[in-house]
Amino acid sequence: LGWPPTVEVAALGAFVVAFSVGFGPIVYVLNAEIYPQRCRSFGLGLAMGTCRVMSAVVSSTFLSLSRWLTTAGALGMYSGIAAIAFVFVFVAVPETRGTTLEAAGTAVHDRANTIGAPEFSSTDAP
């Protein structure tokens with residue numbers, strides 16, 4: 001009752017593509033730009049730790065999900081989650097190309113305030 005191998009490969013490809021343009025690069029690229037200098041190491045460490053935990057969740061749930069939803073179904077579910085993440089990144093994360101670190105941090109702060117994130121001030125950082 002499984003899916004054809006081409007559907008499984010297509011679902012895997014969709015997950016890889018959606019993750020690669022969604023949250024994949026955010027941890028390593030954008031996090032280095034958005035935090036003020038005084039809390040950059042803490043923010044980047046927290047983001048990388050979260051990324052590793054989520055990678056472990058995907059790895060540890062894949063076999064159970066593939067038995068329950070089939071391989072293509074599990075990969076399709078992961079692809080859907082990654083596609084939602086892509087939309088979030090597209091909508092919520094500002095372009096920082098060609099800006100200084102301070103300007104990028106301000107742009108992220110301003111964008112967060114417009115989408116309803118809690119207010120953050122320079123005195124709130126560790």
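Trainee: What percentage of the 126 residues in the protein chain do the buried residues make up?
Mentor: Buried residues account for 25% of the 126 residues. Please keep in mind that this is a predicted model. A residue counts as buried under 20% relative accessible area.

Trainee: Which secondary structure elements does the protein chain have, helices or strands?
Mentor: The chain has five helices and zero strands. Read from the N terminus, the order is α-α-α-α-α. Of the contacts between residues at least 6 apart in sequence, 58% join residues at least 24 apart.

Trainee: Which residues of α3 and α4 meet?
Mentor: On the α3 side they are Val58, Thr61, Phe62, Leu65, Ser66 and Leu69. On the α4 side they are Thr71, Gly73, Ala74, Leu75, Met77 and Tyr78. By class, the contact of α3 with α4 has eight nonpolar residues, four polar ones and no charged ones.

Trainee: What makes α1 roughly parallel to α4?
Mentor: The axes of α1 and α4 cross at roughly 20° and come within 8 Å. The cut-off for roughly parallel is an angle under 35 degrees, so α1 counts as roughly parallel to α4. The crossing of α1 past α4 is left-handed.

Trainee: Where in α1 and α4 do the two helices meet?
Mentor: From α1 come Val7, Glu8, Ala11, Leu12, Ala14, Phe15, Ala18, Phe19 and Val21. They meet Thr71, Ala72, Leu75, Gly76, Tyr78, Ser79, Ala82, Ala83 and Phe86 of α4. The contact of α1 with α4 divides into 14 nonpolar, three polar and one charged residue.

Trainee: And why is α2 called roughly antiparallel to α3?
Mentor: The axes of α2 (residues 26-34) and α3 cross at roughly 165° and come within 10 Å. Angles over 145 count as roughly antiparallel, so α2 is roughly antiparallel to α3. Here α2 passes α3 in a right-handed crossing. Val27, Tyr28, Asn31 and Ala32 of α2 make the contact with Arg40, Leu44, Ala47, Met48, Cys51 and Arg52 of α3. That contact of α2 with α3 holds seven nonpolar residues, one polar and two charged.

Trainee: Which residues make up the largest nonpolar core?
Mentor: Six residues do: Phe15, Ala18, Leu65, Ala74, Tyr78 and Ala82. At least two of this core's residues come from α1 (5-21), and at least two from α4. The most come from α4, which gives three residues.

Trainee: What is Phe15 in contact with, leaving aside its neighbours within four places in sequence?
Mentor: Phe15 is in contact with Leu75, Tyr78, Ser79 and Ala82 once those neighbours are set aside.

Trainee: What makes Ser79 buried?
Mentor: Ser79 has a relative accessible area of 10%. The limit for buried is under 20%, so Ser79 counts as buried. Ser79 lies in helix α4. Leaving aside neighbours within four places in sequence, Ser79 is in contact with Ala11, Ala14, Phe15 and Ala18.

Trainee: Why does Phe62 count as partly exposed?
Mentor: Phe62 has a relative accessibility of 24%. Phe62 belongs to helix α3. Its contacts, leaving aside neighbours within four places in sequence, are Thr71, Ala74, Leu75 and Tyr78. Phe62 and Leu75 are 13 residues apart in sequence, with 8.2 Å from C-alpha to C-alpha.

Trainee: One last residue. Where is Thr70 placed?
Mentor: Thr70 is in the loop between α3 and α4. Although Thr70 is not a glycine, it has a positive phi of about 75°.

Trainee: How do you know that Thr70 is partly exposed?
Mentor: The relative accessible area of Thr70 is 21%. Buried would need a value under 20%, and exposed one over 50%. Thr70 is therefore partly exposed.

Key
Residues are numbered from 1 along each chain as its sequence is written. This is a predicted model: local features need pLDDT of at least 70, side-chain atom pairs count only at pLDDT 80 or more; totals for chains, interfaces and linings use all residues. Side-chain values use heavy atoms; hydrogens and water are left out. Contact means heavy atoms within 4.5 Å. Helices (H or I, at least four residues) and strands (E, at least two) are DSSP runs, numbered from the N terminus. Ala, Val, Leu, Ile, Met, Phe, Trp, Tyr, Cys and Pro count as nonpolar, Asp, Glu, Lys and Arg as charged, and the others, Gly among them, as polar. A nonpolar core is a set of buried Ala, Val, Leu, Ile, Met, Phe, Trp, Tyr and Cys residues joined through side-chain atoms within 4.5 Å. Buried means under 20% relative accessible area, exposed over 50%, partly exposed in between (1.4 Å probe, protein chains only). Axes are lines fitted to C-alpha atoms, for helices over the stretch in contact, and angles run from 0 to 180 degrees between N-to-C directions. Angles under 35 degrees count as roughly parallel, over 145 as roughly antiparallel, 65 to 115 as roughly perpendicular and the rest as oblique. A crossing is left-handed if the near helix is turned anticlockwise from the far one by less than a right angle, and right-handed if clockwise.
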